[in-house]
Amino acid sequence: MKIGFLTSGGDCQGLNAALRGVAKTLFGAVPYVEIYGIQDGYRGLIDCEWRKMEMHEFSGILREGGTILGTSRQPYKTIRDFEDSSNVDRLTTMVRNYHNECLDALVVLGGNGTHKTAYALSQYGINIVTLPKTIDNDIYGTDYSFGFDSAVAKATDVLDTLHSTAAAHGRIFVCELMGRKAGWVALYAGIAGGADVILLPEIPYTIDSVLEVINRRNQSGKNFSIIAVAEGAITHDMSQQPKKERKVGDISPGMEIVRALDERLDQDVRLVIPGHFQRGGDPTPTDRVFCSRLGAMAGELVLKRKFGYMVALQGLSIGAVPLSEVAGKLKTIPHDSEMLKQARLLGISLGE
Ligand code: F6P
């Protein structure tokens, strides 16, 4: 069997651990397997950039961040675009290159956009198994995606660290965390890092409710507050406008909040944006185990020739979900989520 591996979309911790998991499973198998590393995600499949890989190349990468294959964003909405000087669209080019190279299957590691393209390829007869990757944890069909635990650890570290300087100066810290459409990182890190307010894309906020928390804390003698805000958080007023008419501000939600608080408070307000720090560095032990388990399952599916599936965490088990059920859906925080209820019980404001 000749199997192509690719990692697509924004990177995250655990990509190498997952690649290693699939490679170990396949190389250890009875039928002879050749692995082809495709460079920079779907871009490499379009440009025929791949190379045969040996098992030793997957050694020593369990704990390494990034991806040994490189990655790139190839937006799903452009897969029907033509490449320069070609009259064949990108999707057709990928299907053609897969067949020309006589590949038997693709193992694809990616997030939501990647899964839409993977499903489109599978509808064109390409044998695919995918693994759910994103720090955002917003892939439908799996309880968690890999990279999430590591990003939460990084974000929590930032919030933990801010506490001492916030307390020393009696300041308000607004910490803007990743998550444009889903606020999982802000919710988990906010709880783990003891944030007083957590603002999420799923729950529009009012600045008055944030002020109320700060004032209450000041009155009780706690003269500092920590606000964890997801980069997709929106105000209640904005949520009343139809999505297409919402003005995307020239400043980020974190800056917006700092500006609004600065106007209303006689107290220092500071902004911290850890940004890509949340996606870099080593995967946590939990992510390493998770990636290895997902990798083993993905390898097993390939060996059984069970294609068109994403491997997924379902409760305590690793299972497989048809790509048709995953592609095009987003897993945001449900409004009736237990975690939201528990956050409120803990006295954390969600800005409502
Ligand atoms: O999807 C992962 C993610 O890190 C988001 O949380 C963030 O909004 C986005 O990618 C950043 O993208 P880029 O790396 O292209 O700046």
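How many helices and strands does the secondary structure of the protein chain come to? The chain has twelve helices and eleven strands, where helices (H or I, at least four residues) and strands (E, at least two) are DSSP runs numbered from the N terminus. This is a predicted model, in which local features need pLDDT of at least 70 and side-chain atom pairs count only at pLDDT 80 or more, while totals for chains, interfaces and linings use all residues. Residues are numbered from 1 along each chain as its sequence is written, and side-chain values use heavy atoms, with hydrogens and water left out.

**Overall form**

- Along the principal axes, the C-alpha atoms fill a box of roughly 70 × 40 × 30 Å.
- Of the 352 residues, 54% are buried, a term that means under 20% relative accessible area, with exposed meaning over 50% and partly exposed in between (1.4 Å probe, protein chains only).

**Salt bridges**

- The count comes to 17 salt bridges, each being a side-chain nitrogen of Lys or Arg within 4 Å of a carboxyl oxygen of Asp or Glu.
- Glutamate 83 and arginine 43 meet in one of them, at 3.1 Å from N to O; because glutamate 83 lies in the loop between strand E3 (50-53) and helix H3 (90-100) and arginine 43 in helix H2 (residues 42-47), the pair ties together parts that are 40 residues apart in sequence.
- Glutamate 83 also forms a salt bridge with arginine 90, with the closest N and O atoms 2.4 Å apart, and both of these residues are buried.
- Arg43, Asp47, Glu83 and Arg90 are linked in a network of salt bridges.
- Glutamate 352 and arginine 344 form another pair, at 2.7 Å from N to O, and arginine 344 is partly exposed, with a relative accessible area of 36%.

**Ligand surroundings**

- The ligand is surrounded by Arg73, Ile135, Asp136, Met178, Gly179, Arg180, Glu231, His276 and Arg279, a residue being near if one of its heavy atoms lies within 4 Å.
- Polar side-chain atoms lie 2.9 Å from a ligand oxygen atom for arginine 73, 2.7 Å for aspartate 136 and 2.9 Å for histidine 276.
- Taken alone the ligand exposes 400 Å², of which the protein buries 73%, with areas from the Shrake-Rupley method and a 1.4 Å probe.

Note on methods: A polar contact is a pair of N or O atoms within 3.5 Å; within protein, one must be able to donate a hydrogen and the other to accept it, and residues adjacent in sequence count only if both atoms are side-chain atoms.
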